[in-house]
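Q: Could you walk me through this one? I'd like to go over the fold and then the contact between the chains.

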Amino acid sequence: MSTTHLVAAAPAESRNRRARVRAARKRIRPGWGRILAWAVLIAVMIVTLFPFYWMLRTALSNNNALYADPGSLLPVDPTLGGFRRVFGLASAEEAAAEGGTTGSIDFWLYLRNSVIVATAITTGQVLFSSMAAYAFARLHWKGRDAVFFLFITALMIPPIFVQLPNFILIRDLGLLNTLAGVILPFFFMTPFAVFFMRQFLLGIPREIEEAAMIDGAGHGRIFFRVLLPMSSTPLVTLSLLAYITAWGEYFWPLLVGRADEARVLTVALGVFRAQTPQTGPDWAGLMAGALVAALPVLILFIVFGRRFVENIGYSGIK
Amino acid sequence: MASASRMTPRIRRRPRSDLRVALLFIAPAAMGFVAFYFLPAIRGLWFSFTDQNLIGSGDFIGTANYERMFDDPLFWNALWVTIQYVVINIGVQTVLALALAVLLHRLTRSIVIRGIVLLPYLVANVVVALVWFWMSDYSIGIINVVLEEVGLDRVAFFGDPAMAIPTVALINVWRFLGYTALLLFAGLQMIPPQYYEAAALDGASEWRMFWTITLPLLRPVLALVLVISVVGSFQIFDTVAVTTEGGPVNATRVIYYYIYQQAFERFDLGYASAIAVFLVVMLASIAYLQLKIMRSDRSDLA
């Protein structure tokens, strides 16, 4: 932590005041403290970024060669073999030659499943939670606050408590090992999404709706044509949060979606990790799979991330 | 025109009830809430008093599951291991996140830097766990290669029972550090900059400003972030499930994983539910106590 003084003791002359205020506005004055602070920040960024690079470096390596040169900063004996194995394109001999897993795995299928699951969950959850948030923030009805409170208490409940009975429910509905079973519990709402959108809607001036009402708009029109378009920033933030969460969910799909046809990437990675070849783990293949699981959300973030970063935390505590 | 738009809504606003419209708007979410939160919560509570298994239906057995729980050394071990995890995870994460948030706040407004710091949060727990599992591999993981290079001993990060929980805890610090820091950063932005300017004019050091301005004014935000991260931290599962699977010798058999094993490996849903009920009660009490102690509802800004 820097102990640099922002303003050195100077004679208290009033004509200096403006300059001193300006100096104080600068966050930290150039000096050792500031250099040290930047050094720490850069170190944090290196520690943040290095594992991503290491994933890539390993994924592009020949798994057998990794053992010979574990410290190499570049891919060892570069090959796309890891990716070929993960996408089920490599023959058993080819995989064995590089020290890879020979079990049958098809990340195309799991990637498709993950995209379907995360997209469906995000769409349903954001739409329905926003609608509910409108009813909680903007409509007058008896019992509104009590119902809202009930919704919000669910925020504090560890998911496993309801997911055990939910498993029985999904089983009884005959939806085990279907994408529907993986999607359903998160499709209609999460307490957080309702809470988040309500907070935002509460902050929109009422005059806007009243003006629309005078123009003869009903609640449906006000919500879909006036309020939603005004809410693009929180909607992007919430959608990205929902997508990240749905994409990374492991526990629930592990319970209800173990079979190939409903297996998402996180579950597939767990299975892949458990299929260790006799020679030793297929690290190259595993990191290729991990990269496939990480990339789609990273791309989404690069496209939509700006508003997300700016708005995280304004009520975005999750 | 102007007077009309001021008059009409005032007449229409108060007396009406929007119940019918509200029901329409809330219907899908309410359906999901009842089906996947409310009824399961009641059912879960009921399961905890039965010998429900994964296949059939269960019979009422009173408080037998709870009695068994209090006599189960593996349950107490799971609780103890989880608490160790939470203390290390939250302790390290909070201090580092606070430091990072202050650094960002005092140094830069760069969106790119904040974006980079957030990257680990975007990646699934499972991916994060596997990457670090690989990097800390005993024989060819880069961390051990470097340790040996600089003349230190290799560390069995996941294989040594004493190291396993700290390792898992620190891996998840890596994932959540940037996110937590940005939540705190948002809180820092709410502190009026005049305070810092005035303090700077009086010659206060950065260190002193942190203790006398930043920390007291950030308290409500910090309290909320702490409550949320502690509750989340107790739910550690993914990292353990894809790396140690509870081992070595129960060293990482955290409570979430123990519940999972009881339900889906021993098929004992009744007992698993009883432990889950315990977890619910414990987390609710912790959250309540934390908010009470930190008086998060009262801001020093007022």
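Q: What should I keep in mind before we start?
A: This is a predicted model, in which local features need pLDDT of at least 70 and side-chain atom pairs count only at pLDDT 80 or more, while totals for chains, interfaces and linings use all residues. Residues are numbered from 1 along each chain as its sequence is written, chains are lettered from A and ligands numbered from 1 in the order in which they are written, and side-chain values use heavy atoms, with hydrogens and water left out.

Q: How many helices and strands does chain A come to?
A: Chain A has 16 helices and zero strands, taken as DSSP runs numbered from the N terminus (helices H or I, at least four residues; strands E, at least two).

Q: And which residues of chain A does UniProt annotate as "transmembrane region"?
A: The unreviewed UniProt entry gives residues 35–56, 115–136, 148–170, 182–201, 222–244 and 283–304 of chain A; such annotations may be inferred rather than shown by experiment. In the model, residues 35–56 of chain A are 100% helix, with end C-alpha atoms 31 Å apart, whereas residues 148–170 of chain A are 78% helix and 0% strand, with end C-alpha atoms 26 Å apart.

Q: Switching to the interface, how much area do chain B and chain A bury?
A: Between them they bury about 9900 Å², 78% of it on carbon and sulfur atoms, where buried area is the accessible area (1.4 Å probe) lost on putting the two parts together, summed over both. Phe25(B), Phe36(B) and Trp134(B) supply 9% of what chain B buries against chain A, more than any other three residues.

Q: Which side chains meet in a salt bridge there?
A: The rule finds one salt bridge across the interface, in which Asp172(A) meets Arg43(B) at 3.9 Å, N to O; the term requires a side-chain nitrogen of Lys or Arg within 4 Å of a carboxyl oxygen of Asp or Glu. Helix H2 (residues 19–47) of chain B gives the largest share of the side of chain B that touches chain A, with 22 residues.

Q: Last one: is Thr180(B) buried or exposed?
A: Thr180(B) counts as buried because its relative accessibility is 7%, and buried means under 20% relative accessible area, exposed over 50%, partly exposed in between (1.4 Å probe, protein chains only). Thr180(B) lies in helix H8 (residues 161–189) of chain B.

Q: What does Thr180(B) touch?
A: Leaving aside residues up to four places away in sequence, Thr180(B) touches Gln93(B), Ala97(B) and Val225(B), with contact meaning heavy atoms within 4.5 Å.
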